[in-house]
Structure formats: structure tokens, C-alpha cells
Amino acid sequence: MKILILNGSPKCEKSGTLKMSNAFARGIASVTGGEISVIHAAEKRIEYCSGCFICKKTGECVLEDDMGDILDQIKQSDFVIFGFPLYCHSMPAALKVIVERTMPLTAEKIVKGEDGKYHHAEREGAKKQRFVMICGSGYPGSREDFINTEKTFRRSFPQCDCVVTVEESPLFSIKEAEAFSGPRLSLLEAAGAEYAEHGAVSEATEKALGVPMIPEEIYMKFANGEKTGR
Ligand SMILES: Cc1cc2nc3c(=O)[nH]c(=O)nc-3n(C[C@H](O)[C@H](O)[C@H](O)COP(=O)(O)O)c2cc1C
């Protein structure tokens, strides 16, 4: 089993949301025995999709950059985790450009899904991946932005069968907050294991993940540097 993390944070290895993705991936691996690899979107040279639609006929993109290797890695994976922080109430540009360049993965034909919405059909005979969206946010009370981003992600990738969101994710990058963020990473790991074992994160775990790690007033003291003196 191959588990691929596409990390959308430009902070690459220093990213707090990467800690979330890694924890979830460890949970999947604890059940499937899979091997985890990470691609940092910001380290790759990815051109904008030119909109030529040639890939729909050939299965290959005409642009020559790092996206060819990313597509190969996606195709070889069993689980693909798109992990990212909310940027301007949406996905960071470094990852959005990759999402737009996944056009070669699907066929030319447009079909109506079970949800009544249209999307490009799967390519015949292609290995099926399970796509996961993992997202963190800096502003407290970001639930509505998560919902919008989740909707967009699920519409882009009908093979997405799991979305995990956590508010106050800058806490994952603050040493003084480890007492709160450590247990949340353990919860994310448990969520990954449930997803791999039962096909979905349990209602109880999802509910626990939806509760902010610390009350808003205390979080704002961390966010504004009052707790860390920065
Ligand atoms: C350019 C930029 C835009 C951001 N926009 C939002 C936003 O719209 N909503 C939000 O809740 N947080 C926003 N944030 C905060 C990040 O989501 C937050 O700091 C996150 O934890 C960073 O994760 P990372 O360490 O993985 O990069 C933004 C941060 C940056 C740098």
C-alpha cells in the first residue's frame, strides 16, 4: 500500500498542517502496513494548466515540468492525502495549481454522478485511489470556510471519501502548545486508522476533531504572541 501526502503548505517540512497529514497517514499505515511519502507542492516547478484538453485524448500533459512525476506518483498510490492550511479561505496556490494539473487522470467523457452533478469519467482500467482532504486554519471559527473548501474539493475529486479539518492549526507549530496539540495529533492518527479499517472516521472521532483544541480566548493569546512572547 502506498500513501502519498501532497503538502500544500509553502512552509514545507516546517508546516504545522503537515504534522496533521503525517499523523493521519501513520494511522492508515498502522492498519494497511503502507509506506508514506511526501511531496511538498512549493518545492516543485509546476506550470499553469494551459486548458488545451489534449491530455483528455492522450492521457499525457503537453507541459514538461515536475507534474509528470507527481501524476505518476498519484497513479501508483492507494491513498492520496491533500494536506493544506486555509489560505484566503481556500487552498494555497501552490497546491491549487497541482489540482488543476490533475486533468490527465480522468477521461474526456463527462458523466452525471450519483449526486446528480457532472464530472469527467474515470479512465478505464486505471488503478483507483482514495483521496483525502486534510485542512487546518488559523482563524478560530473557520467551520464555514472549511465547508466551502470541502465542497470544492469533493466536486473536483469524486474519489474523495474522507475530509478532516482542524481549527487553530498554528498550535502544531508552537512548542509551548504541545500539551494541547499532541493529543490532537494522536486523535488524527486514530482517525486515519479508523478510516483505513472501517472506510470512514467514526462519528465520535469526527465530533472530537471538530472541537477547537483550546478555548478561543486562550488561542487568541497564542495567536497574538502573548503566550510565547514573540
Ligand atoms: C497567505 C495566508 C493566508 C491565510 N489565510 C487564512 C484564512 O483565510 N483563514 C484561516 O483560518 N487562516 C488563514 N491563514 C493561516 C493559516 O491557515 C495557518 O497559519 C495554518 O496553520 C498554517 O499552516 P502551515 O504551518 O501548515 O503552513 C493564512 C495564512 C497565510 C500565510
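Me: How many residues lie between S4 and S5 in their hairpin?
Reply: Happy to walk you through this predicted model. Strand S4 covers residues 106–112 and strand S5 covers residues 118–122, and they pair in the antiparallel sense over four bridges. In the turn of their hairpin, Gly116 has a positive phi of about 80 degrees. The number of residues between S4 and S5 is five.

Me: Which residue in S5 is the bridge partner of Val111?
Reply: Let's stay with the antiparallel pair of S4 and S5. The bridge partner of Val111 lies in S5, and that residue is His119.

Me: Which element gives the largest share of the shell around the ligand?
Reply: The ligand is surrounded by 20 residues, and the closest are Ser15, Thr17, Pro85, Ser137 and Gly138. Two elements give two or more residues to this shell: strand S6 (130–137) and helix H1 (16–32). The largest share is three residues, and they come from H1.

Me: How many charged residues does the shell around the ligand have?
Reply: Sorting the shell by class gives 11 polar and seven nonpolar residues. The number of charged residues there is two.

Me: In which hand does H1 pass H6?
Reply: The residues in contact include Met20, Phe24 and Ile28 of H1 and Leu185, Leu188 and Tyr195 of H6. By class, this contact has 13 nonpolar, four polar and four charged residues. The crossing of H1 past H6 is right-handed.

Technical notes. Residues are numbered from 1 along each chain as its sequence is written. This is a predicted model: local features need pLDDT of at least 70, side-chain atom pairs count only at pLDDT 80 or more; totals for chains, interfaces and linings use all residues. Two strands pair if DSSP finds at least two bridges between them. A residue is near a molecule or strand if its C-beta atom, placed from the backbone, lies within 6 Å of it. Ala, Val, Leu, Ile, Met, Phe, Trp, Tyr, Cys and Pro count as nonpolar, Asp, Glu, Lys and Arg as charged, and the others, Gly among them, as polar. A crossing is left-handed if the near helix is turned anticlockwise from the far one by less than a right angle, and right-handed if clockwise. Two residues are in contact if their C-beta atoms, placed from the backbone, lie within 7 Å.
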